[in-house]
Amino acid sequence: MDRKIAKGLALVVTAVIVAVTPAAGGSAAPAVEPATTARITWKPCGTPEPHDGGAECGQLDVPLDYRKPTGRKIQIAVSRIRATVPAEDYQGVIIALPGGPGNAGLCTSAAVCVPAAVGGAYDWIGFDPRGVGASVPALSCDEDYLHGPRPEYVPWRPSIEQTWLRRSRDYAEACRVAGGALLDHMTTLDTVRDVESIRKALGVGQVNLYGISYGTYLGQVYGTVYPKTVRRMVLDSNIDPRKVWYQAALAQDVNFERSLRMWFAWVATFDHVYHLGRTADQVRMRWYATQHKLRTAPAGGVVGPAEFTDIFIYAGYFQAIWPTLADLFVSAVDDPDAEMLVAAYESSFRPADDNVFAVFNAVQCTDTRWPRNWATWRRDNWRTFRGAPFATWYNTWGNAPCLFWPGKASTPVEVDGSKVRSVLFVGGTLDAATPFEGSLEARRRFPNGSLLAEVGQTTHVLSFSGNPCVTGVIADYLRTGRLPQRKAGDRPDATCDALPPPDPTATSSRTLSRLVYTGAAWASGYGARR
């Protein structure tokens, strides 16, 4: 499964009942949409501002419950970066769909990864999904929940298991008190309807969409419910729509184990730099030995075994970050207090603000019905742990509030992209956070789409990987609408070779590693989230 954004501005909305939109997927309730369109009052964003200068921000009133369009309203924070090309070259509006669930999108536009000559042809629209950041209300349940040190993740003793179950129950109860009626209206489908409300407020008949990570699931569902309004769509690092969400976590565990072992092997390759072991197994044993010491002596009184896992989960997200993580590993071995570890944890997870974690649960716990029998969780996660010990229980306790979640669970939309005319899927074949099978499955469900694969790449969200082959295909599609020719069979339609792993002896590589680490939490949400 990566954060917070400043307040936006107000708008005026008038709404009356018009018609019923057919429900998408199983028992999803129909939405009753307003006949008149909301208007956004745009003003300079102020500070902090989206990455480009001149951005405008506003607030869009939307129904809390789309079945009751004249009832209570909430506000979605929206930003806009206008196109810079002449009118004859203008390509329209493109809405960036952020990751998470729970990541802010107001100040993080995908325009940053698209060549200016192409991105400048679009009006780029960012937004904070309902409950997130500058949207109103923003959900926060327990600002102390992520403070370290917390209990270690692996429940070696029954007392650890019971402590985490109690913490998860208490967190869900805190969300019930904090969220109230909002918790019943936090599904992916609710956010998709908000995206449609943004489209209407912008006064355009069609939109382009750019989704990353969890945002790809927003795009898949949007394309299912509103296929005629999709012009072009880029979906990078795709959620598998068959595994929403319990099975998705178990699949992640296996893939994060593979990615972490690849990082251990990389560290061993540069033993002359790090001196942590000459083989992957030696490095791995050193890592677990270091984690074990933190049980009795948390670094700085903050980083225990759980927080240690939180920090190094990023090795499964971005190869560019590997040198910085290796430096942190060295500091943990050499410095018992390890101030670098404390700084890394607090800068990446911002434990004082749990908005990301709260919304992550609010969405996933109500998108679908999770097993309510703890014995099922215990069995499945111990079974997975045997082959994937690194992330399994980390993921388990990140999702465990769903055991007790007070919001109403719904039925996931049955993704069907057969009516979408154009979509470019992008995926890394060794991505851990969104395993490549998700991109293949998305391709199966969108017969008019094509899949670009970066072969051998573990990095999550390839738009930000800096691979010119990948960004070139994306840019060409956004410029011309031309997709790689679709091939017969169940496979990618185009491929790019993965970039080589970083070289820690190169100054530029280590500088890039630090920069990527600084922004890692935004891209990934709360640890191993999408």
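Predicted model: local features only at pLDDT ≥ 70, side-chain atom pairs only at ≥ 80, totals over all residues.
Residue numbers start from 1 along each chain as its sequence is written. Local features need pLDDT of at least 70 and side-chain atom pairs count only at pLDDT 80 or more, while totals for chains, interfaces and linings use all residues, and side-chain values use heavy atoms, with hydrogens and water left out.

The sheet comes first. It is an open one, built from 10 strands in the order β3-β4-β5-β7-β6-β8-β9-β10-β11-β12, with mixed pairing. Here strands (E, at least two residues) and helices (H or I, at least four) are DSSP runs, numbered from the N terminus, and two strands pair if DSSP finds at least two bridges between them. At the edges sit β3 (43–44) and β12 (494–497), each pairing on one side only.

Further in, β8 (residues 207–212) runs parallel to β9, joined over five bridges; tyrosine 210 has valine 234 of β9 as its bridge partner. Valine 234 also links onward, with leucine 424 as its bridge partner in β10. Between β9 (residues 230–236) and β10 the pairing is parallel too, over three bridges. On to β11 (residues 449–455): β10 pairs with β11 in the parallel sense over six bridges, and valine 423 stands opposite glycine 449.

How much of β10 (residues 423–428) is buried? Six of its six residues are, so β10 is largely enclosed by the rest of the structure; buried means under 20% relative accessible area, against over 50% for exposed and partly exposed in between (1.4 Å probe, protein chains only). Val423, Phe425 and Gly427 cover one side, and Leu424, Val426 and Gly428 the other. Helix α15 (residues 468–480) lies across β6, β7, β8, β9, β10, β11 and β12, at about 170° to β9. Axes are lines fitted to C-alpha atoms, for helices over the stretch in contact, with angles from 0 to 180 degrees between N-to-C directions.

Now the helices. α13 (residues 392–399) has eight of its eight residues buried, so it is largely enclosed by the rest of the structure. Its cover includes α2, α5, α8, α11 and α12. The axes of α5 (residues 246–269) and α13 come within 9 Å and cross at roughly 155°, which makes the two roughly antiparallel (over 145 degrees; under 35 is roughly parallel, 65 to 115 roughly perpendicular and the rest oblique). Ala249, Gln252 and Asp253 of α5 meet Thr392, Asn395 and Asn399 of α13, where contact means heavy atoms within 4.5 Å. By class, that is one nonpolar, four polar and one charged residues; Ala, Val, Leu, Ile, Met, Phe, Trp, Tyr, Cys and Pro count as nonpolar, Asp, Glu, Lys and Arg as charged, and the others, Gly among them, as polar.

α5 also packs on α7 (residues 280–293), at an angle of about 110° with the axes 8 Å apart, so α5 is roughly perpendicular to α7. Among the residues meeting there are Trp263 and Phe264 of α5 and Val283 and Trp287 of α7. This contact has eight nonpolar, no polar and three charged residues.

Val283 and Trp287 turn up again where α7 meets α9 (residues 322–334), alongside Arg286 and Thr290, with Phe329, Ala332 and Val333 on the α9 side. Five of these residues are nonpolar, one polar and one charged. The axes of α7 and α9 come within 10 Å and cross at roughly 55°, which makes α7 oblique to α9.
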